[in-house]
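This briefing sets out selected structural features of the protein chain shown below. Points are grouped by topic.

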Amino acid sequence: MNISDRLATIANTVEIGSKVADIGTDHAYIPIFLIHHGIAQKVIAMDINKGPLLKANTNIAHYNMGHLIETRLSNGLEKLNQGEADTIIVSGMGGELINDILEKGSSIVQDTKRLILQPQSEIYKVREKLHQMNFKIIDEIMMKEDNKYYVILVSEKGNEKYAKAIYYYYGKILIHKKDRILKEYLEKNLKDYDKITKKLQKNLTENKQKRMDEIQEEVSRIKEVLNCL
């Protein structure tokens, strides 16, 4: 099965021999990849919607993996039992939703060895949540696919707090790696913010000024990070 680079990158952060729960599995591309490449010994593919699970079951049957991949209709981690998975994947969702899933399934999360998360937004809130739940971020991967930027967070149990706000916003590991994709992303954002600011300066209103102040704060953070890259 051919899957996107993003999904393959997520799958390749799973340790060999893991028991995996893929939350929001959609068509079960990650579970099938994990079994096909001998990465996971068993996968539970979970989704809140029946439609994607029907397609997932079709795909699983096509590859004759029904004995190694189980599907479950589940709202987040609701139908996952303690001890069934040592690795949980949650990808392709907004940061707030991912945090909500982790919070509601906190008893399961605390029994898990590794969390692999790929938030589509509000990544800094997910980093904060991981630390609040006593998970240490052990790796971050930033990638670009179809002109969109993605960050994958890999975390395991451990106490960790970041001393600088920029580490939560842009990733301590990515900054220390001097990640080239992060640099490209930030430079693009600077150009975009410059264009937005010039438009806002025309016929300035109180709301526009407020937005400009927010942008200036973000620009300051970006420049601080770029000085480290």
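A residue is termed buried under 20% relative accessible area, exposed over 50%, and partly exposed in between. The coordinates discussed here are those of a predicted model. The protein chain contains 10 helices and 7 strands, and 47% of its 229 residues count as buried.

**Overall architecture**

- The C-alpha trace of the protein chain spans about 60 × 35 × 30 Å along its principal axes.
- Among contacts in the protein chain with a separation of 6 or more, 66% come from residues 24 or more positions apart.
- Strands β2 and β3 pair in the parallel sense, with 5 bridges between them.
- Within the pairing, A45 stands opposite T71 in β3.

- Helix α2 covers residues 29-36 and is mostly covered, 6 of its 8 residues being buried.
- The buried positions of α2 are I30, P31, I32, F33, L34 and I35.
- The elements that cover these buried residues of α2 include the helices α1 (5-11) and α3 (50-62), together with the strands β1 (18-23), β2 (40-47), β3 (69-73) and β4 (87-93).
- Just after α2, G38 adopts a positive phi of about 65°.

**Helix α6 and its surroundings**

- In α6, the buried residues are I123, V126, R127, K129, L130 and H131.
- These buried residues pack against the helices α4, α7 (165-170) and α8 (172-177), and against the strands β5 (114-119), β6 and β7 (148-157).
- Following α6, N134 has a positive phi, near 65°.

**The buried glutamate E140**

- E140 is found in strand β6, which runs over residues 135-145.
- With a relative accessible area of 0%, E140 is buried, the criterion being a value under 20%.
- The side chains of E140 and R127 are joined by a polar contact of 2.8 Å; R127 is itself among the buried residues of α6.
- Neighbours within four places in sequence aside, E140 is in contact with R127, V151, I152, L153, G171, I173, L174 and K177.

**Salt bridges**

- In total, 18 salt bridges are found in a search of the whole structure.
- D100 and K104 form a salt bridge in which the closest N and O atoms are 3.2 Å apart. The two residues lie 4 residues apart in helix α4 (residues 95-104), so about one helical turn separates D100 from K104.
- K104 counts as exposed because its relative accessibility is 67%, the threshold being over 50%.
- K129 and E103 also meet through their side chains in a salt bridge, at 2.3 Å from N to O. This pair links distant parts of the chain, with K129 in helix α6 (residues 123-132) and E103 in helix α4, 26 residues apart.
- Of these two partners, K129 counts as buried at 13% relative accessibility, whereas E103 counts as partly exposed at 42%.
- D192 and K188 meet in a salt bridge between their side chains, at 2.9 Å from N to O. Both residues belong to helix α9 (residues 180-200), where they are 4 residues apart and therefore separated by about one helical turn.
- D192 counts as partly exposed at 28% relative accessibility, and K188 is partly exposed with a relative accessible area of 40%.
- An α-helix has 3.6 residues a turn, so residues three or four places apart point the same way.
- A network of salt bridges links E15, K113, R114 and E156.

**Annotated coiled-coil region**

- An unreviewed UniProt entry lists residues 183-225 as "coiled-coil region".
- In the model, this span is 88% helix and 0% strand, and the end C-alpha atoms of residues 183-225 lie 9 Å apart.

Key
Residues are numbered from 1 along each chain as its sequence is written. This is a predicted model: local features need pLDDT of at least 70, side-chain atom pairs count only at pLDDT 80 or more; totals for chains, interfaces and linings use all residues. Side-chain values use heavy atoms; hydrogens and water are left out. Buried means under 20% relative accessible area, exposed over 50%, partly exposed in between (1.4 Å probe, protein chains only). Contact means heavy atoms within 4.5 Å. A polar contact is a pair of N or O atoms within 3.5 Å; within protein, one must be able to donate a hydrogen and the other to accept it, and residues adjacent in sequence count only if both atoms are side-chain atoms. UniProt positions are given in the numbering used here, feature names are shortened, and annotations may be inferred rather than shown by experiment. Two strands pair if DSSP finds at least two bridges between them. A salt bridge is a side-chain nitrogen of Lys or Arg within 4 Å of a carboxyl oxygen of Asp or Glu.
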